[in-house]
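Hi everyone, thanks for making time for this.

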Amino acid sequence: MTDTRRRVKLYALNADRQWDDRGTGHVSSCYVERLKGTSLLVRAESDGSLLLESKIQPDTAYQKQQDTLIVWSEGDNFDLALSFQEKAGCDEIWEKICQVQGKDPSVEITQDIVEESEDERFDEMSDSVQPVELPACEMGRLEDISELVNSCLVSPARKDKLAAALESQHYIKKLLNLFHMCEDIENIEGLHHLYEIFKSIFLLNKNNLFDTMFADDTIFDVVGCLEYDPSLPQPKKHREYLRELAKFREAIPIKNQDLLAKIHQTYRVQYIQDIVLPTPTVFEDNLLSTLSSFIFFNKVEIVKLIEEDERFLTDLFKILLEDKTADSKRRDLVLFLKEFCNFSQNLQPQDKDAFYKTLVSLGILPSLEITLSIDDQKTKTASIDILTYIVEFSPSVVRDYTLQQAISTEEEQMLLNIVIEQMLRDRDPELGGAVQLMGVLRILLDPESMLASVNKSEKSDFLNFFYKHSIQTLIAPLLQNTTGEKPLKEDYHTVQLLGLVLELLSFCVEHHSYHIKTCILNKDLLRRILVLMRSTHTFLVLGALRFMRKIIALKDEYYNRYIIKGNLFAPVIDAFLRNNGRYNLLDSAILELFEFIKLEDIKSLCSHVVENYGKILEDVEYVQTFKALKTRYDQHQDKLKERDRVSGSVAVAEAVVPSLLRTRYRREARAPDDEEEMWFNDDDELDDEAPLDAAQPHPHPHPHPHHALDAIGKIVEKKVCTNTETVNGPSRVLLTTTAAAKPAHADVQVSTPRLLNKGLVDYDGDSDEEEEGGAGAAAGDERDAKRPRLA
């Protein structure tokens, strides 16, 4: 299984007519009992799993292409391909297939492909057995040849017969000889016929014919035939462009001649597909699928050949990283790398991963640090494209490299800061490069694409790095332009750039909770951004408003207090008033902001807006947002008043009586007076009588503790009278202060203990008032009237 001759890649054609890589493995052919026949088996080289098990059917059409490809169809619309590493392996399997089907291995296709409906098959039954007879290849027969070739396109069977006839008679080269003759004598009519003939040959969609037409000695003649479009007044000059204007620059010499020939061929065929051939109609789109496959496999092969050359890429990056390398040389190297990365997009994920790891290990990221800073638009654009390819496929590779730079690299030389700096310095009026680099930064800063493991956390490490080393570079132009009450610069280029910065910062607010919050609060960033609300460019005003909206959407009280303390709604209200009720996007966005505050019931912001801007906004009547906000505010205030009233009554009751009880159980430094001595001496007696009182069904107090009531009354009376005197001890201060603030009867409204309930406040007819809690004014007056009985 380690024989490289049998090493293959398995491809399957998807619904978009693109080849999907199904894996790399080793192919073999053997008899499979279950399938009752000789089959092709492909086992993965990684784990030995079975990638393909396909019986070689006697009537399946197998095609051999480019010496290393075998293509066939299994079932309806399911095409498979085996791409061999070596030609010898392809020949070996091809011989096995031909042996099973009883075909000569010299053929390129084992069966005629018939894809007709039953009606078509019946109508053309006679044609399918008859080979196509081509007219003599003469200048006078070009019109007949054109009509014949065009008539064969309607039937798949006749297409196959025509392709076989063209190939067997070497008819394409004969037609190209006629092309030279027509061009020499300026036979325009004949040239127009040749255009139609070769256009139809392309639509035959046969790989064998492509191999003939795209050979080095014929491809320019084919392009020449396609220059004479009858619908154009003058012929195109495609050959002149390919030979003279499209110069192939070897960034470094390519010694592999096969690679060099493949690069030239792929470029020319791509040019034919994209430029020379007319745009196919909806019905012709699939007719060129083989041409697309030809280009696809060529690109894959080019990438493999370059990767297999051990010295080529090493020498390329060595030159790219040398300080003495000229900028023009670097431009050629970077343009080559851009095409190289573009070709790699045809690779499957596992191969693409290995491809980019190879580039990173060779030093592509340090190279981009140099080329991004070169003052040459082509070099810069190509460098941005390469960085985009890498980041879109594997952002973690760039993050890891950036984190390694934190140890030994100065901030201005770090890749991340170079990317930000180049974004801010883009001189393109439309900021094409800046938009692309902003997209790169967004991918790098997206937590969704960050990995976390037991030993490290990429998210926290990279975000810590960004907010420590790079955020100041990003917000620098924003801070410079917002030092006053209005933006300092209002030119289109500057405001477009600030719009990009705002978009990236809004993304950070939404996805980076802690880090961006610290930055905003420490640098007072929201206040500076809201200066842009005074801009004359509405899109920038909306960008600043969107940033604030993202912050408010978090419903974070740290942010809310910051907004309230800085009075940061003022620029928003000002912009709303200056808009003067015009029905536009700005008006709707501001109203939506306040609607969100109302719907989410953000109390702190609601109170701030109503208290500070309620008078200004109360006249806005074309929407109900501000009236509803005021209603919500009033409801909050009513709840707060009710809560304060209830809590105040409870606080008084809880504050006064414990003072009395503390006076009872806590001895002060001074000696107790006579009344207090009586309280303490009668303590046991009162406690003994409390259960008796509790057992009495009648609300009146027991007759025995009258002397205790008299003593307590004297104590309370004395303390009420001494409100203005200085009293030692914390418990007495609390008592006298409360007594001064409230009527004296409040000092004895107690819910516990039972002795005070019965002995002090349980009078005839008072039970209902006690149940109501004593909070009402009428209950208070009634108790005031009963005060003499307490004394």
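Is His537 buried or exposed? With a relative accessibility of 19%, His537 counts as buried, because the cut-off for buried is under 20%. And which residues does His537 touch, once we set aside its neighbours within four places in sequence? The contacts are Glu490 and Val495.

Before we go on, please keep in mind that this is a predicted model.

Now let's step back to the whole chain. There are 791 residues, and 46% of them are buried. The chain exposes about 40700 Å², and 50% of that comes from carbon and sulfur atoms. What about contacts along the sequence? If we take contacts between residues at least 6 apart in sequence, 64% of them join residues at least 24 apart.

Leu431 is not a glycine, yet its phi is positive, at about 55°. You'll find Leu431 in the loop between helix 19 (415–424) and helix 20 (432–445). Leu431 counts as buried, with 2% relative accessibility. Asn567 also has a positive phi, near 50°, and is a residue other than glycine. Look for Asn567 in the loop between helix 27 (557–565) and helix 28 (570–579). Asn567 is partly exposed, at a relative accessible area of 35%.

Let's turn to a pair of helices. Helix 13 covers residues 310–321 and helix 16 covers residues 364–372; their axes come within 9 Å and cross at roughly 35°. The crossing of helix 13 and helix 16 is left-handed. Which residues make the contact? From helix 13 we have Phe317, Leu320 and Leu321, and from helix 16 we have Ile364, Pro366, Ser367, Ile370 and Thr371.

Now for the charged side chains. As background, side chains of opposite charge can pair when their charged atoms come close. How many salt bridges are there in this model? The count comes to 33, and I'd like to show you a few.

Let's begin with Asp217 and Lys173, whose side chains meet in a salt bridge at 3.9 Å, N to O. Asp217 is in the loop between helix 8 (207–213) and helix 9 (219–225), while Lys173 is in helix 6 (residues 171–184), so this pair ties together parts that are 44 residues apart in sequence. As for accessibility, Asp217 counts as exposed at 54%, and Lys173 counts as partly exposed at 43%.

Helix 6 comes up again in another pair. Arg239 forms a salt bridge with Glu183, and their closest N and O atoms are 2.6 Å apart. Here Arg239 belongs to helix 10 and Glu183 to helix 6, so to speak two distant parts of the chain, linked across 56 residues. Arg239 counts as buried, with 15% relative accessibility, whereas Glu183 is partly exposed, with a relative accessible area of 23%.

The next pair is Glu600 and Lys555, with side chains that meet in a salt bridge at 2.8 Å, N to O. Where do these two residues lie? Glu600 is in the loop between helix 29 (585–599) and helix 30 (603–617), and Lys555 is in the loop between helix 26 and helix 27, so the pair ties together parts that are 45 residues apart in sequence. Glu600 is partly exposed at 34% relative accessible area, and Lys555 is partly exposed too, at 42%.

There is also a network of salt bridges, and it links Lys9, Asp21 and Asp351.

Tyr241, Leu245 and Tyr267 make a nonpolar surface patch of about 310 Å². Tyr241 takes us back to helix 10, which spans residues 238–245.

Conventions. Residues are numbered from 1 along each chain as its sequence is written. This is a predicted model: local features need pLDDT of at least 70, side-chain atom pairs count only at pLDDT 80 or more; totals for chains, interfaces and linings use all residues. Side-chain values use heavy atoms; hydrogens and water are left out. Patches are made of residues with over 30% relative accessible area and no salt bridge: like charges are joined within 9 Å, nonpolar side chains (Val, Leu, Ile, Met, Phe, Trp, Tyr) within 5 Å. Accessible areas come from the Shrake-Rupley method with a 1.4 Å probe; for residues, only the protein chains shown count as cover. A salt bridge is a side-chain nitrogen of Lys or Arg within 4 Å of a carboxyl oxygen of Asp or Glu. Helices (H or I, at least four residues) and strands (E, at least two) are DSSP runs, numbered from the N terminus. Axes are lines fitted to C-alpha atoms, for helices over the stretch in contact, and angles run from 0 to 180 degrees between N-to-C directions. A crossing is left-handed if the near helix is turned anticlockwise from the far one by less than a right angle, and right-handed if clockwise. Contact means heavy atoms within 4.5 Å. Buried means under 20% relative accessible area, exposed over 50%, partly exposed in between (1.4 Å probe, protein chains only).
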